Amino acid sequence: MNDTDDIDYAAVFQAWPGMVALLTPDLVYTDASEEFLRASGRKREDVVGRHLSEVFPDNPAEPAATGMRSLEASLLRVLATGERDAMAPQRYDLQHPDRPGHWDRRYWSPVNAPVLDRDGRVALLVHRIEEATELVRVRREAGAGRGEALESELYRRACTLQDVNERLRQAHAREREVALALQKAMLPAPRQLGGHRAAVRYRPAVGALNVCGDWYDLVDLVDGDRIAVSVGDVVGHGLEAAGVMGQLRSALSAASRVAAGPAQALDVLGRYAHVVDGAESATAVTTFIDFDAHTIAYSSAGHPPPALVHADGRVDFLDRATDPPLDARPDPRPRRQALTTFGLGASLVLYTDGLIERRREDIDAGLARLADSLGRHRTAEPEALADAVLRELLPPEGATDDTALIVVRL
(Lines give C-alpha, C1' and ligand atoms only; values in the text may rest on other atoms or scores of the structure.)
Protein backbone atom coordinates (compact mmCIF):
# COMPACT_ATOMS: atom_id res chain seq x y z
CA MET A 1 0.00 0.00 0.00
CA ASN A 2 1.79 3.14 -1.23
CA ASP A 3 -1.09 5.60 -1.44
CA THR A 4 -1.60 7.24 1.97
CA ASP A 5 -5.16 8.12 0.92
CA ASP A 6 -5.99 4.42 1.33
CA ILE A 7 -4.90 4.29 4.98
CA ASP A 8 -7.71 4.20 7.52
CA TYR A 9 -6.16 6.42 10.18
CA ALA A 10 -9.14 5.96 12.51
CA ALA A 11 -8.48 2.21 12.49
CA VAL A 12 -4.76 2.82 13.07
CA PHE A 13 -5.60 5.03 16.05
CA GLN A 14 -7.88 2.43 17.60
CA ALA A 15 -5.33 -0.35 17.10
CA TRP A 16 -2.44 1.63 18.52
CA PRO A 17 -0.74 -0.30 21.34
CA GLY A 18 -1.03 1.56 24.60
CA MET A 19 -3.36 4.22 25.91
CA VAL A 20 -3.95 7.10 23.46
CA ALA A 21 -6.54 9.87 23.45
CA LEU A 22 -7.22 13.07 21.52
CA LEU A 23 -8.32 16.31 23.15
CA THR A 24 -9.42 19.66 21.76
CA PRO A 25 -7.62 22.90 22.76
CA ASP A 26 -10.40 23.27 25.38
CA LEU A 27 -9.21 19.97 26.91
CA VAL A 28 -12.33 18.11 25.87
CA TYR A 29 -11.88 14.49 24.79
CA THR A 30 -12.71 14.05 21.13
CA ASP A 31 -11.58 10.41 20.80
CA ALA A 32 -9.94 7.63 22.80
CA SER A 33 -8.43 4.32 21.78
CA GLU A 34 -9.94 1.03 22.90
CA GLU A 35 -6.90 0.39 25.10
CA PHE A 36 -7.29 3.81 26.74
CA LEU A 37 -10.90 3.04 27.59
CA ARG A 38 -10.13 -0.47 28.81
CA ALA A 39 -7.18 0.52 31.00
CA SER A 40 -8.96 3.51 32.52
CA GLY A 41 -12.17 1.56 33.13
CA ARG A 42 -14.27 4.01 31.13
CA LYS A 43 -16.87 3.64 28.40
CA ARG A 44 -16.67 5.79 25.28
CA GLU A 45 -19.73 7.80 26.31
CA ASP A 46 -18.04 8.49 29.67
CA VAL A 47 -15.08 10.13 27.94
CA VAL A 48 -15.78 11.59 24.48
CA GLY A 49 -17.25 15.08 24.60
CA ARG A 50 -16.35 15.66 28.24
CA HIS A 51 -13.67 17.82 29.85
CA LEU A 52 -10.50 16.26 31.27
CA SER A 53 -11.30 17.31 34.85
CA GLU A 54 -14.80 15.87 34.58
CA VAL A 55 -13.60 12.48 33.36
CA PHE A 56 -10.64 12.21 35.74
CA PRO A 57 -11.01 14.47 38.81
CA ASP A 58 -8.30 14.52 41.48
CA ASN A 59 -9.00 12.60 44.67
CA PRO A 60 -10.02 15.26 47.24
CA ALA A 61 -9.09 12.95 50.11
CA GLU A 62 -5.50 12.47 48.91
CA PRO A 63 -3.45 15.71 48.65
CA ALA A 64 -0.55 13.71 47.20
CA ALA A 65 -2.62 12.59 44.20
CA THR A 66 -2.05 15.65 41.98
CA GLY A 67 -1.48 13.81 38.73
CA MET A 68 -4.48 15.25 36.94
CA ARG A 69 -3.58 18.82 37.84
CA SER A 70 -0.06 18.19 36.53
CA LEU A 71 -1.49 16.63 33.38
CA GLU A 72 -3.70 19.64 32.73
CA ALA A 73 -0.70 21.95 33.18
CA SER A 74 1.29 19.85 30.67
CA LEU A 75 -1.50 19.97 28.08
CA LEU A 76 -1.77 23.74 28.47
CA ARG A 77 1.99 24.05 27.92
CA VAL A 78 1.70 22.10 24.68
CA LEU A 79 -1.17 24.34 23.63
CA ALA A 80 0.84 27.49 24.40
CA THR A 81 4.17 26.43 22.90
CA GLY A 82 3.16 24.02 20.14
CA GLU A 83 5.86 21.66 21.43
CA ARG A 84 5.81 18.09 22.77
CA ASP A 85 5.86 17.66 26.56
CA ALA A 86 6.92 14.45 28.33
CA MET A 87 5.90 14.00 31.95
CA ALA A 88 7.62 12.01 34.66
CA PRO A 89 5.69 9.05 36.18
CA GLN A 90 3.17 10.35 38.68
CA ARG A 91 0.48 9.06 40.94
CA TYR A 92 -3.11 9.24 39.71
CA ASP A 93 -6.17 8.25 41.77
CA LEU A 94 -8.97 7.15 39.43
CA GLN A 95 -12.51 7.25 40.70
CA HIS A 96 -14.38 4.07 39.88
CA PRO A 97 -17.12 5.07 37.37
CA ASP A 98 -19.72 2.75 38.95
CA ARG A 99 -18.69 3.19 42.59
CA PRO A 100 -18.59 6.86 43.65
CA GLY A 101 -16.05 7.49 46.38
CA HIS A 102 -13.96 4.43 45.49
CA TRP A 103 -10.55 5.30 44.03
CA ASP A 104 -7.95 3.12 42.29
CA ARG A 105 -4.33 4.15 42.69
CA ARG A 106 -2.43 4.22 39.39
CA TYR A 107 1.01 5.33 38.17
CA TRP A 108 1.13 6.80 34.66
CA SER A 109 3.83 8.46 32.56
CA PRO A 110 2.12 10.63 29.90
CA VAL A 111 3.54 12.19 26.75
CA ASN A 112 1.53 15.03 25.19
CA ALA A 113 2.04 16.35 21.67
CA PRO A 114 0.37 18.93 19.39
CA VAL A 115 -1.38 18.37 16.07
CA LEU A 116 -0.99 21.57 14.05
CA ASP A 117 -3.33 22.90 11.40
CA ARG A 118 -2.17 24.46 8.12
CA ASP A 119 -1.69 27.83 9.82
CA GLY A 120 0.59 26.34 12.48
CA ARG A 121 -1.98 26.55 15.28
CA VAL A 122 -2.64 23.66 17.69
CA ALA A 123 -5.81 21.94 16.48
CA LEU A 124 -5.67 18.82 18.65
CA LEU A 125 -3.66 17.39 21.54
CA VAL A 126 -2.40 13.81 21.43
CA HIS A 127 -2.26 12.29 24.91
CA ARG A 128 -0.37 8.98 25.25
CA ILE A 129 0.13 7.10 28.53
CA GLU A 130 2.73 4.56 29.63
CA GLU A 131 1.34 2.44 32.48
CA ALA A 132 3.69 1.92 35.47
CA THR A 133 1.18 0.61 38.01
CA GLU A 134 1.99 -3.06 37.47
CA LEU A 135 5.69 -2.43 38.05
CA VAL A 136 4.92 -0.89 41.43
CA ARG A 137 2.60 -3.78 42.33
CA VAL A 138 5.16 -6.45 41.42
CA ARG A 139 7.89 -4.75 43.39
CA ARG A 140 5.57 -4.41 46.37
CA GLU A 141 4.87 -8.14 46.34
CA ALA A 142 8.56 -8.98 46.03
CA GLY A 143 9.27 -8.28 49.67
CA ALA A 144 7.47 -7.23 52.85
CA GLY A 145 7.72 -3.52 53.44
CA ARG A 146 9.61 -2.87 50.22
CA GLY A 147 6.54 -2.04 48.14
CA GLU A 148 5.51 1.04 50.07
CA ALA A 149 9.11 2.24 50.18
CA LEU A 150 9.49 1.75 46.43
CA GLU A 151 6.18 3.47 45.76
CA SER A 152 7.21 6.40 47.94
CA GLU A 153 10.64 6.65 46.28
CA LEU A 154 9.16 6.44 42.79
CA TYR A 155 6.73 9.21 43.53
CA ARG A 156 9.38 11.34 45.25
CA ARG A 157 11.76 11.08 42.31
CA ALA A 158 8.96 11.79 39.84
CA CYS A 159 7.95 14.91 41.75
CA THR A 160 11.58 16.04 41.90
CA LEU A 161 12.01 15.52 38.16
CA GLN A 162 8.77 17.36 37.45
CA ASP A 163 9.93 20.25 39.62
CA VAL A 164 13.29 20.41 37.81
CA ASN A 165 11.52 20.37 34.44
CA GLU A 166 9.25 23.19 35.52
CA ARG A 167 12.21 25.28 36.72
CA LEU A 168 13.98 24.70 33.41
CA ARG A 169 10.87 25.80 31.52
CA GLN A 170 10.64 28.95 33.64
CA ALA A 171 14.33 29.70 33.08
CA HIS A 172 13.89 29.22 29.33
CA ALA A 173 10.88 31.55 29.37
CA ARG A 174 12.87 34.23 31.21
CA GLU A 175 15.78 33.85 28.78
CA ARG A 176 13.38 34.19 25.87
CA GLU A 177 11.93 37.39 27.37
CA VAL A 178 15.45 38.79 27.67
CA ALA A 179 16.17 37.79 24.08
CA LEU A 180 13.05 39.50 22.77
CA ALA A 181 13.82 42.68 24.71
CA LEU A 182 17.39 42.60 23.41
CA GLN A 183 16.22 42.18 19.84
CA LYS A 184 13.79 45.09 20.15
CA ALA A 185 16.45 47.34 21.66
CA MET A 186 19.21 46.50 19.20
CA LEU A 187 17.38 46.50 15.88
CA PRO A 188 15.71 49.62 14.47
CA ALA A 189 11.96 49.55 14.05
CA PRO A 190 10.70 49.52 10.44
CA ARG A 191 10.08 53.08 9.32
CA GLN A 192 9.95 55.33 6.29
CA LEU A 193 13.20 57.15 5.58
CA GLY A 194 12.72 60.53 3.99
CA GLY A 195 9.39 59.34 2.61
CA HIS A 196 10.94 56.25 1.01
CA ARG A 197 9.20 52.93 1.59
CA ALA A 198 11.07 50.05 3.20
CA ALA A 199 10.21 46.70 4.76
CA VAL A 200 12.32 44.58 7.09
CA ARG A 201 11.96 40.97 8.19
CA TYR A 202 13.85 39.06 10.87
CA ARG A 203 13.56 35.27 11.18
CA PRO A 204 15.69 33.39 13.75
CA ALA A 205 16.63 29.81 13.03
CA VAL A 206 14.36 27.05 14.30
CA GLY A 207 15.19 26.41 17.95
CA ALA A 208 16.78 29.83 18.51
CA LEU A 209 15.55 32.17 21.26
CA ASN A 210 13.91 34.52 18.75
CA VAL A 211 17.14 36.46 18.59
CA CYS A 212 20.22 35.81 16.50
CA GLY A 213 23.41 37.22 15.03
CA ASP A 214 21.87 38.60 11.84
CA TRP A 215 21.14 42.32 11.75
CA TYR A 216 20.02 45.17 9.54
CA ASP A 217 20.21 48.95 9.66
CA LEU A 218 18.73 51.98 7.89
CA VAL A 219 20.33 55.39 8.36
CA ASP A 220 19.39 58.86 7.09
CA LEU A 221 22.54 60.46 5.66
CA VAL A 222 23.18 64.14 6.17
CA ASP A 223 23.70 65.45 2.62
CA GLY A 224 20.89 65.35 0.07
CA ASP A 225 18.21 62.71 -0.31
CA ARG A 226 20.41 59.77 0.72
CA ILE A 227 20.09 56.79 3.02
CA ALA A 228 22.44 53.98 4.05
CA VAL A 229 21.03 50.44 4.14
CA SER A 230 23.05 47.56 5.59
CA VAL A 231 22.79 43.95 6.69
CA GLY A 232 25.28 41.77 8.54
CA ASP A 233 25.80 38.32 9.96
CA VAL A 234 27.57 37.21 13.13
CA VAL A 235 28.36 33.49 13.44
CA GLY A 236 26.15 31.71 15.97
CA HIS A 237 22.72 32.09 17.57
CA GLY A 238 21.29 33.20 20.88
CA LEU A 239 22.25 35.88 23.35
CA GLU A 240 26.02 35.76 22.81
CA ALA A 241 25.73 36.26 19.04
CA ALA A 242 23.10 38.94 19.61
CA GLY A 243 25.47 40.87 21.87
CA VAL A 244 28.16 40.93 19.18
CA MET A 245 25.54 41.81 16.59
CA GLY A 246 24.46 44.83 18.61
CA GLN A 247 28.00 46.12 18.88
CA LEU A 248 28.71 45.80 15.16
CA ARG A 249 25.38 47.27 14.09
CA SER A 250 25.82 50.29 16.32
CA ALA A 251 29.40 50.84 15.11
CA LEU A 252 28.43 50.68 11.44
CA SER A 253 25.43 52.94 12.01
CA ALA A 254 27.70 55.59 13.53
CA ALA A 255 30.41 55.15 10.87
CA SER A 256 27.92 55.46 8.01
CA ARG A 257 26.85 58.91 9.19
CA VAL A 258 30.34 60.36 8.82
CA ALA A 259 31.98 58.14 6.16
CA ALA A 260 32.58 59.34 2.61
CA GLY A 261 31.09 56.11 1.29
CA PRO A 262 30.22 52.51 2.12
CA ALA A 263 33.80 51.24 1.70
CA GLN A 264 35.10 53.68 4.27
CA ALA A 265 32.28 52.76 6.65
CA LEU A 266 33.25 49.07 6.39
CA ASP A 267 36.92 49.96 6.86
CA VAL A 268 36.04 51.53 10.21
CA LEU A 269 33.82 48.59 11.14
CA GLY A 270 36.56 46.09 10.26
CA ARG A 271 39.02 47.77 12.60
CA TYR A 272 36.42 47.73 15.35
CA ALA A 273 35.49 44.08 14.73
CA HIS A 274 39.14 43.11 15.14
CA VAL A 275 38.93 43.89 18.88
CA VAL A 276 35.43 42.48 19.53
CA ASP A 277 35.35 38.93 20.90
CA GLY A 278 32.95 36.82 18.88
CA ALA A 279 33.19 38.91 15.70
CA GLU A 280 35.35 36.32 13.96
CA SER A 281 34.16 35.68 10.38
CA ALA A 282 31.39 38.29 10.70
CA THR A 283 30.18 39.63 7.34
CA ALA A 284 28.36 42.78 6.29
CA VAL A 285 27.29 44.70 3.22
CA THR A 286 26.34 48.36 3.14
CA THR A 287 24.81 50.52 0.43
CA PHE A 288 24.52 54.30 0.11
CA ILE A 289 21.43 55.16 -1.95
CA ASP A 290 21.32 58.60 -3.59
CA PHE A 291 17.74 59.26 -4.71
CA ASP A 292 18.66 62.54 -6.40
CA ALA A 293 21.36 60.99 -8.57
CA HIS A 294 19.61 57.62 -8.90
CA THR A 295 22.78 55.79 -7.85
CA ILE A 296 23.74 53.10 -5.35
CA ALA A 297 27.28 52.93 -3.97
CA TYR A 298 28.01 49.63 -2.29
CA SER A 299 30.72 47.60 -0.58
CA SER A 300 30.68 44.08 0.84
CA ALA A 301 32.76 42.36 3.51
CA GLY A 302 32.29 38.69 2.59
CA HIS A 303 28.49 39.00 2.42
CA PRO A 304 26.04 37.74 -0.23
CA PRO A 305 25.44 40.45 -2.88
CA PRO A 306 22.44 42.81 -2.70
CA ALA A 307 19.83 42.36 -5.42
CA LEU A 308 18.71 45.29 -7.58
CA VAL A 309 15.28 44.52 -9.05
CA HIS A 310 14.50 46.68 -12.08
CA ALA A 311 10.98 47.68 -13.08
CA ASP A 312 11.12 45.37 -16.12
CA GLY A 313 11.83 42.33 -13.89
CA ARG A 314 15.55 42.11 -14.54
CA VAL A 315 17.57 41.34 -11.39
CA ASP A 316 21.22 42.38 -10.98
CA PHE A 317 23.32 41.12 -8.10
CA LEU A 318 25.70 43.83 -6.91
CA ASP A 319 28.90 41.79 -6.68
CA ARG A 320 31.64 44.07 -8.05
CA ALA A 321 32.94 45.19 -4.66
CA THR A 322 33.29 42.11 -2.47
CA ASP A 323 36.17 41.67 -0.02
CA PRO A 324 36.90 39.19 2.83
CA PRO A 325 34.91 39.25 6.11
CA LEU A 326 35.36 42.06 8.57
CA ASP A 327 38.32 40.76 10.61
CA ALA A 328 39.91 38.49 8.00
CA ARG A 329 43.09 40.56 7.59
CA PRO A 330 45.44 41.37 10.49
CA ASP A 331 46.26 44.69 8.83
CA PRO A 332 43.03 45.92 7.24
CA ARG A 333 43.37 47.32 3.71
CA PRO A 334 41.01 49.83 2.10
CA ARG A 335 37.96 48.02 0.83
CA ARG A 336 36.57 48.20 -2.66
CA GLN A 337 33.50 50.20 -3.62
CA ALA A 338 31.32 50.14 -6.73
CA LEU A 339 28.56 52.32 -8.14
CA THR A 340 25.44 51.42 -10.12
CA THR A 341 22.37 53.28 -11.32
CA PHE A 342 18.66 52.57 -11.00
CA GLY A 343 15.42 53.72 -12.57
CA LEU A 344 12.01 54.51 -11.17
CA GLY A 345 10.10 51.53 -9.85
CA ALA A 346 13.20 49.54 -8.96
CA SER A 347 13.77 47.89 -5.57
CA LEU A 348 16.93 47.16 -3.60
CA VAL A 349 16.96 43.94 -1.59
CA LEU A 350 19.54 43.09 1.08
CA TYR A 351 19.50 39.78 2.95
CA THR A 352 21.58 37.32 4.94
CA ASP A 353 22.69 33.87 3.82
CA GLY A 354 19.89 32.04 5.64
CA LEU A 355 17.58 33.16 2.83
CA ILE A 356 19.50 31.53 0.00
CA GLU A 357 21.81 28.82 1.33
CA ARG A 358 20.80 25.17 1.60
CA ARG A 359 22.89 22.19 2.64
CA ARG A 360 24.46 20.26 -0.23
CA GLU A 361 23.34 22.93 -2.71
CA ASP A 362 25.45 25.41 -4.67
CA ILE A 363 24.83 29.02 -3.65
CA ASP A 364 24.05 29.90 -7.27
CA ALA A 365 20.88 27.83 -7.00
CA GLY A 366 19.74 29.94 -4.06
CA LEU A 367 20.54 33.17 -5.89
CA ALA A 368 18.59 31.98 -8.92
CA ARG A 369 15.63 31.12 -6.68
CA LEU A 370 15.77 34.59 -5.13
CA ALA A 371 16.01 36.33 -8.52
CA ASP A 372 13.01 34.40 -9.82
CA SER A 373 10.87 35.30 -6.80
CA LEU A 374 11.87 38.97 -6.92
CA GLY A 375 11.18 39.22 -10.63
CA ARG A 376 7.70 37.75 -10.33
CA HIS A 377 6.72 39.96 -7.38
CA ARG A 378 8.55 43.13 -8.45
CA THR A 379 5.41 45.29 -8.62
CA ALA A 380 4.32 44.47 -5.06
CA GLU A 381 4.77 47.00 -2.29
CA PRO A 382 7.86 46.40 -0.11
CA GLU A 383 5.87 44.75 2.71
CA ALA A 384 4.11 42.34 0.34
CA LEU A 385 7.33 41.70 -1.60
CA ALA A 386 9.20 40.79 1.60
CA ASP A 387 6.44 38.40 2.67
CA ALA A 388 6.35 36.73 -0.75
CA VAL A 389 10.11 36.17 -0.79
CA LEU A 390 10.15 34.62 2.68
CA ARG A 391 7.16 32.45 1.88
CA GLU A 392 8.76 31.08 -1.29
CA LEU A 393 12.37 30.72 -0.14
CA LEU A 394 12.18 29.61 3.50
CA PRO A 395 11.07 26.04 4.36
CA PRO A 396 7.54 25.81 5.83
CA GLU A 397 8.91 24.15 8.98
CA GLY A 398 11.35 27.03 9.53
CA ALA A 399 14.92 27.70 8.45
CA THR A 400 17.98 26.12 10.03
CA ASP A 401 19.86 29.41 9.76
CA ASP A 402 18.95 32.93 10.79
CA THR A 403 17.53 35.26 8.14
CA ALA A 404 17.33 39.04 7.87
CA LEU A 405 15.74 40.73 4.85
CA ILE A 406 15.24 44.36 3.88
CA VAL A 407 13.44 45.73 0.82
CA VAL A 408 13.66 49.40 -0.25
CA ARG A 409 11.53 50.85 -3.05
CA LEU A 410 13.75 53.19 -5.08
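Predicted model: local features only at pLDDT ≥ 70, side-chain atom pairs only at ≥ 80, totals over all residues.
## Overall architecture

The protein contains eleven helices and 17 strands. Of its 410 residues, 45% count as buried. The accessible surface comes to about 20,400 Å², and carbon and sulfur atoms contribute 52% of that area.

Contacts across the sequence can be summarised in one figure. Among contacts between residues at least 6 apart in sequence, 60% join residues at least 24 apart.

## Buried strands and their partners

Strand β4 spans residues 90-95 and is largely enclosed by the rest of the structure, because five of its six residues are buried. Its partner is strand β5 (residues 103-116), which runs antiparallel to β4 and is joined to it by six bridges. Within this pairing, glutamine 95 has tryptophan 103 of β5 as its bridge partner.

Strand β7, covering residues 198-203, also has five buried residues out of six, so it is largely enclosed by the rest of the structure. Strand β17 (residues 403-409) is antiparallel to β7, and six bridges connect the two. Tyrosine 202 stands opposite alanine 404, a residue of β17.

## Helix α11 and its cover

Helix α11 consists of twelve residues, 382-393. The distance from its first C-alpha to its last is 16 Å, close to the 16 Å expected at 1.5 Å a residue.

The buried residues of α11 are Pro382, Leu385, Ala386, Ala388, Val389, Leu390 and Leu393. An α-helix has 3.6 residues a turn, so residues three or four places apart point the same way. The elements covering the buried residues of α11 include strands β7, β16 (347-351) and β17, together with helix α10 (363-376).

## Glycine 366 in helix α10

Glycine 366 is located in helix α10. Its relative accessibility is 0%, and glycine 366 therefore counts as buried.

Leaving aside neighbours within four places in sequence, glycine 366 is in contact with Ile356 and Glu361. Leucine 355 is eleven residues away from glycine 366 in sequence, and the C-alpha atoms of these two residues are 7.9 Å apart.

## Salt bridges

Side chains of opposite charge can pair when their charged atoms come close. With a limit of 4 Å between a side-chain nitrogen of Lys or Arg and a carboxyl oxygen of Asp or Glu, the count is 18 salt bridges. Arginine 69 and aspartate 58 form one of these, with the closest N and O atoms 2.9 Å apart. The pair links distant parts of the chain, eleven residues apart: arginine 69 belongs to helix α5 (residues 67-81), while aspartate 58 lies in the loop between α4 (52-55) and α5. Arginine 69 is partly exposed, at a relative accessible area of 49%, and aspartate 58 is likewise classed as partly exposed, at 21% relative accessibility.

A salt bridge also joins arginine 249 to aspartate 217, where the closest N and O atoms are 2.9 Å apart. Arginine 249 lies in helix α8 (residues 238-258) and aspartate 217 in strand β8 (residues 212-220), so this pair ties together parts 32 residues apart in sequence. Both arginine 249 and aspartate 217 are buried. In a further salt bridge, the side chains of aspartate 323 and arginine 336 meet at 3.4 Å, N to O. Here aspartate 323 is in strand β14 (residues 322-323) and arginine 336 is in the loop between β14 and β15 (338-341), 13 residues apart. Aspartate 323 counts as buried, at 10% relative accessibility, whereas arginine 336 is partly exposed, at a relative accessible area of 45%. Elsewhere, Asp31, Glu34 and Arg44 are linked in a network of salt bridges.

## A nonpolar surface patch

Ile7, Tyr9, Val12 and Trp16 form a nonpolar patch on the surface. Together these residues present about 390 Å² of accessible area.

Isoleucine 7 lies in the segment before helix α1 (9-15). At 31% relative accessibility, isoleucine 7 counts as partly exposed. Residues qualify for a patch at over 30% relative accessible area, a cut-off that the 31% of isoleucine 7 passes.

Note on methods: Residues numbered from 1 in each chain as written. Heavy atoms only, no water. Patch = residues over 30% accessible without salt bridge, like charges linked within 9 Å, V, L, I, M, F, W, Y side chains within 5 Å. Areas by Shrake-Rupley, 256 points an atom, 1.4 Å probe, with all protein chains shown as cover. Helix = DSSP H or I, 4+ residues; strand = E, 2+ residues; numbered from the N terminus. Buried < 20%, exposed > 50% of the residue type's maximum accessible area, 1.4 Å probe, protein only. Pairing = 2+ DSSP bridges. Expected span 1.5 Å × (residues − 1). Contact = heavy atoms within 4.5 Å.
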